[in-house]
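Please read them with the model open.

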Amino acid sequence: MIDYIKGELTELTPALATVEAAGVGYGLNISLNTFSAIQGKKEVKLYVHEAIREDAYVLFGFVNKKEREMFELLITVNGVGANTARMMLSGMSVSELCNAISTGNARLIQGIKGIGKMTAQRIIVDLRDKIVALGIADEIPAGGQMMAPVNNQVKDEAVSALTMLGFAPAPTQKVVLQILQEQPDLPVEQVVKLALKQIK
């Protein structure tokens with residue numbers, strides 16, 4: 001079993017990192033969070049999850065053990081495959097995902113492409129206790145609440161408008177929530193204008 005790979009980062013895209021170690025180039029599927037963390041580095045250490053299937057041998061790389069643990073928990077949930085788990089970890093950080101699970105925020109999880117209502121609820125039911133038991137959730141502030149209440153109608157309309165403009169739902173939702181927490185009384189059009197400046 002490969003626990004981690006440490007070596008020279010020879011190629012990097014938002015979805016794949018190639019790390020050369022002892023003359024071998026390992027192609028690792030990565031999340032956007034890992035991509036952001038290793039961008040610009042020459043030497044990296046990525047924790048590995050091996051997915052061995054009949055038709056493929058795929059490596060997933062993670063910037064730290066917590067991200068790998070979260071990924072491995074997610075793929076235990078019925079209906080969540082490796083690519084969906086990676087998509088979830090691209091749309092939200094580990095602590096944001098833990099917060100959504102521990103507070104039962106199915107709507108936030110559903111904001112991730114490929115996650116329906118039933119799957120979001122299953123993730124919450126299956127993983128709520130496990131994230132606490134494994135200590136992944138220790139980044140969550142006391143009380144488990146990270147977000148002040150926001151106007152859900154404005155939030156949903158803004159996210160919907162931005163999604164129609166071609167932006168991915170998960171990062172869009174994150175930006176919109178942040179705007180509404182800072183300025184709760186903004187109308188939809190103002191939220192969309194501000195979000196357009198912030199979404200990368």
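1. The model is predicted. For the aromatic contacts, rings of Phe, Tyr and Trp (its six-membered ring) pair if their centres lie within 6.5 Å. By this rule there are three aromatic pairs.

2. One of the pairs is Tyr4 with Tyr47, in an edge-to-face arrangement with 6.0 Å centre to centre and 65° between the planes. Tyr4 belongs to strand S1 (residues 4-12) and Tyr47 to strand S4 (residues 43-52), so the contact ties together parts that are 43 residues apart in sequence. Tyr4 is partly exposed, at 40% relative accessible area, whereas Tyr47 counts as buried at 14%.

3. Phe60 and Phe71 form a tilted pair, with 5.0 Å centre to centre and 35° between the planes. Phe60 lies in strand S5 (residues 57-62) and Phe71 in helix H2 (residues 65-74), so this pair ties together parts eleven residues apart in sequence. Phe60 is buried, with a relative accessible area of 2%; Phe71 is also buried, at 0%.

4. Phe60 and Phe71 belong to one aromatic cluster together with Phe62.

5. Which residue lies over the face of Tyr4? Lys45 does, at 4.2 Å from the ring centre.

6. Helix H4 (residues 94-102) is mostly covered, with seven of its nine residues buried. Those buried are Val94, Ser95, Leu97, Cys98, Asn99, Ala100 and Ile101. After H4 comes Gly104, which has a positive phi, near 70°.

Conventions: Residues are numbered from 1 along each chain as its sequence is written. This is a predicted model: local features need pLDDT of at least 70, side-chain atom pairs count only at pLDDT 80 or more; totals for chains, interfaces and linings use all residues. Side-chain values use heavy atoms; hydrogens and water are left out. Buried means under 20% relative accessible area, exposed over 50%, partly exposed in between (1.4 Å probe, protein chains only). Helices (H or I, at least four residues) and strands (E, at least two) are DSSP runs, numbered from the N terminus. Rings of Phe, Tyr and Trp (its six-membered ring) pair if their centres lie within 6.5 Å; planes under 30 degrees apart count as stacked, over 60 as edge-to-face and the rest as tilted. A charge sits over a ring if NZ of Lys or CZ of Arg is within 6 Å of the ring centre and within 35 degrees of the ring normal.
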